[in-house]
Amino acid sequence: MSAGLNSAQLEAVNHVHGPSLVLAGAGSGKTRVITHKIAHLINGGMSANRIAAITFTNKAAAEMRERAKQLAGRGAAEVLICTFHALGVRLLRQQGTYIGLKEQFSILDTDDVTKIMKDCGGATDNATARQWQWAISAWKNQGLNAAQALAAASNEDERSSAVIMGRYEERLIAYQSVDFDDLISLPLKLLTEHDAVRQHWQQQLSHVLVDEYQDTNATQYELLKLLVGPRGRLTAVGDDDQSIYGWRGATLDNLKKLPVDYPELKVITLEQNYRSTSAILKAANNVIGPNPKLFPKTLWSDLGEGEPVRVVACDNEDHEAERVVARIQSLRTTSAHKAFKDFAVLYRANHQARVFEKAFRKAQIPYKVSGGQSFFDRAEIKDLCAWLRLLVNNDDDPAFLRAITTPKRGIGHTTLTQLGSFATSHKFSLFEALFANSIGSALSVRAVGSLHEFGRYVNDMEYRARRIQGAEAAKAFMLSWLSDIGYQQHLMDGEDSEKLAAARWTNVMDFVDWMSKRCGGTIDDTAGVTMESEKKTLLEVIQTIALLSTISEREQDQDVVTLSTLHAAKGLEWPHVVLAGVNEGLLPFKTDDDSLTPEALAQRLEEERRLMYVGITRAQRTLAVSWLMRRKKGREMIAGKVSRFVPEMGLDDTTTREDPREKLRALRAEFAAKAAASAQLAADAEPLA
DNA sequence: TTTAACAAATTTTTT
DNA sequence: ATTTGTTAAA
């Protein structure tokens, strides 16, 4: 079973009686270790449902579940493999009543929270609300409540944010809603304050494995410790050199604390890399070298020296994009990895993608921009989710407001404002207020009539939805609902073009299909594949949707070049990688915040260095690093400076390069003929709405 | 003073 | 892509 594991991996897999820290360098097979350890535990007689493997993203959880299934077969299905947040939801759904949460609470997404923040703080613009949101989220992630935040506030801005946080907390309780941060902090509170619940989970879970441990924040670590309990059967898998999320609360302190909190900790370092050539790893090791080491390690591979890392000096952004196009076209004829999907262009900031998109379209190279708007961020999907959330939790006011105005049904701003103040003064949720006896005193007869009509419809829907189980019933239910509310017409009436409305409707249908599949049972797929799964009620499925974000479907196996930020590229790999815009100021990013202490500045630089390291280690076969000799600044061009990280890569030969323009002309002539042949591909490169 | 049009600038993202 | 800032016209 453990065939094909190297000695360090094997050691990590076999260490099952105490705490361990697996320092898994980039490409060293960390998912292999986690999945093999799960299989090893199961084969050793451990009940699968006593093992938990925790990840940060749904995608990582799905991949892990898939690979565990391959290794351990059906037994792996019982393993709790989920994200931190999904684990939090499970805890709160099961035992949230202990801390005053009702069973069917709602989960707010960031846009819902922004709206509430505006309301709590009296702001009209999103930017201000997001600043409060940011500050409040940071406090929550440090385990502080509003009162503690207010006490700790050191300036006027912080004090006002803390005051708003107080109002926001009240609002969440009134709405019986939680935000994403609460999905960690409330379970932590639950386990801290209720011994019985804590003991239940500590007995239930025998082994806890954590992926990307370096990305955990303070509250996540505290939660982990409580879940793991005194036996300390924790497997933390991570890489301090790939810690790039300090700005959102992740802290390497969690790595430093581990040997202190768990004196028995077994530290295992995975240094053999199965991804990249030696030339690439040498550059990576050199770049990360200057950072202080928590646990020293040096990556190596036996894949051979490989192509030297190329450094490309470009005149400006447009020129850089042209050079990347030329490189892709050239490698597509000479390399063994010549599909478009074998290439990625990585950069520091999202806006850098624009120039590449333009150049790729011109050259008819199909591409995708990763980290674009997710399916669930689309307005039409959020509309539907709001309706569904309202069914599950009538007191979910943000969902109520969205549903009652979508589509427009003669209930306008005035009515809703009146309803809102009526609800607030009686401490009702909006939905409760709507059916209150005294509502006639606050609103006009006509308004009350419209509100009641809406309320009755929601009640009726809810009553029917309780009985809905299995895919086909769920689909039929949702289709009749969409027709009831006239949603398709609503999309057509929108200001969008007809084409856009049709695209939105397609998304709606995809959503319906996807939801019904999750309701399980057996459903005929278009390909004639039948899916088998446990039947769930529609209400159960709805409760989980706020947590889900990835439907990659069609985007999965497309043969396209990837454009991505360095952050979004973590965990991924490509045969050919270009790091673009590797200039001083961009990477490392220049901060003009002079309130930072020298220590804080040094830490920022360390994280930028890790970002460069992550970028380099994405490459399997070839790596090119390009930088700009001139950058646009207003109407004039200013001199650009190569990133300090480039000379630090310790390349033998960074100066030999042809005149870029000459090379480009030659390549253009060579590929002019082929361009026509890929016209079809270009159609696919049209940006999706 | 307000509005419209245009130009410029923009850190990183998941749940 | 979105949003903020600038300039010119009304």
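Q: Two residues are in contact if their C-beta atoms, placed from the backbone, lie within 7 Å. In this predicted model, with which residues is Leu92 in contact, leaving aside its neighbours within four places in sequence?
A: Leu92 belongs to helix H4, which spans residues 84-95. Because 22 C-beta neighbours lie inside 10 Å, Leu92 counts as buried. Leaving aside neighbours within four places in sequence, its contacts are Leu101, Leu186 and Pro187.

Q: What distance separates the C-alpha atoms of Leu92 and Leu183?
A: Along the chain, Leu92 and Leu183 are 91 residues apart.

Q: What percentage of the contacts in chain A between residues at least 6 apart in sequence join residues at least 24 apart?
A: Chain A contains 29 helices and 18 strands, and 40% of its 689 residues count as buried. Among contacts between residues at least 6 apart in sequence, the share that joins residues at least 24 apart is 77%.

Q: Is Ser626 buried or exposed?
A: Ser626 is located in strand E16, residues 619-628. A residue is buried if 20 or more other C-beta atoms lie within 10 Å of its own. Ser626 has 26 such neighbours, and therefore it counts as buried.

Q: How far apart in space are Ser626 and Val312, C-alpha to C-alpha?
A: Not counting residues up to four places away in sequence, Ser626 touches several residues, among them Val312, Cys314 and Val578. Ser626 and Val312 are 314 residues apart in sequence. From C-alpha to C-alpha, however, their distance in space is 4.5 Å.

Q: Within what arc do the buried residues of helix H12 fall, seen down its axis?
A: Helix H12 covers residues 253-261, and Asn254, Leu255 and Leu258 are buried in it. These buried residues line one face of the helix, because, seen down the axis, they fall within an arc of 100°.

Q: Which residues are exposed on the other side of H12?
A: The buried residues of H12 are covered by elements including strand E1 (20-24), helix H11 (218-228) and strand E7 (234-238). On the other side of H12, the exposed residues are Asp253, Lys256 and Val260.

Q: Where does Glu212, which has a positive phi, lie?
A: Glu212 is not a glycine, yet its phi is positive, about 50°. It counts as buried because it has 23 C-beta neighbours inside 10 Å. Its place is the loop between strand E6 (207-210) and H11.

Q: What is the phi of Gln364?
A: Gln364 is found in the loop between helix H15 (353-362) and strand E11 (367-369). Because it has 20 C-beta neighbours inside 10 Å, Gln364 counts as buried. Although Gln364 is not a glycine, its phi is positive, at about 60°.

Q: Is the peptide bond from Leu587 to Pro588 cis or trans?
A: Pro588 is part of the loop between strand E15 (574-579) and helix H26 (598-616). The omega of the bond from Leu587 to Pro588 is near 5°. This peptide bond is cis.

Q: Which residues surround DNA strand C?
A: By class, the surface near DNA strand C consists of one nonpolar, two polar and two charged residues. The surrounding residues are Asp125, Asn126, Ala127, His351 and Arg354.

Methods: Residues are numbered from 1 along each chain as its sequence is written. Chains are lettered from A and ligands numbered from 1 in the order in which they are written. This is a predicted model: local features need pLDDT of at least 70, side-chain atom pairs count only at pLDDT 80 or more; totals for chains, interfaces and linings use all residues. A residue is near a molecule or strand if its C-beta atom, placed from the backbone, lies within 6 Å of it. Ala, Val, Leu, Ile, Met, Phe, Trp, Tyr, Cys and Pro count as nonpolar, Asp, Glu, Lys and Arg as charged, and the others, Gly among them, as polar. A residue is buried if 20 or more other C-beta atoms lie within 10 Å of its own, exposed if 12 or fewer, and partly exposed in between; C-beta atoms are placed from the backbone. Helices (H or I, at least four residues) and strands (E, at least two) are DSSP runs, numbered from the N terminus. The arc is that of the directions from the helix axis to the C-beta atoms.
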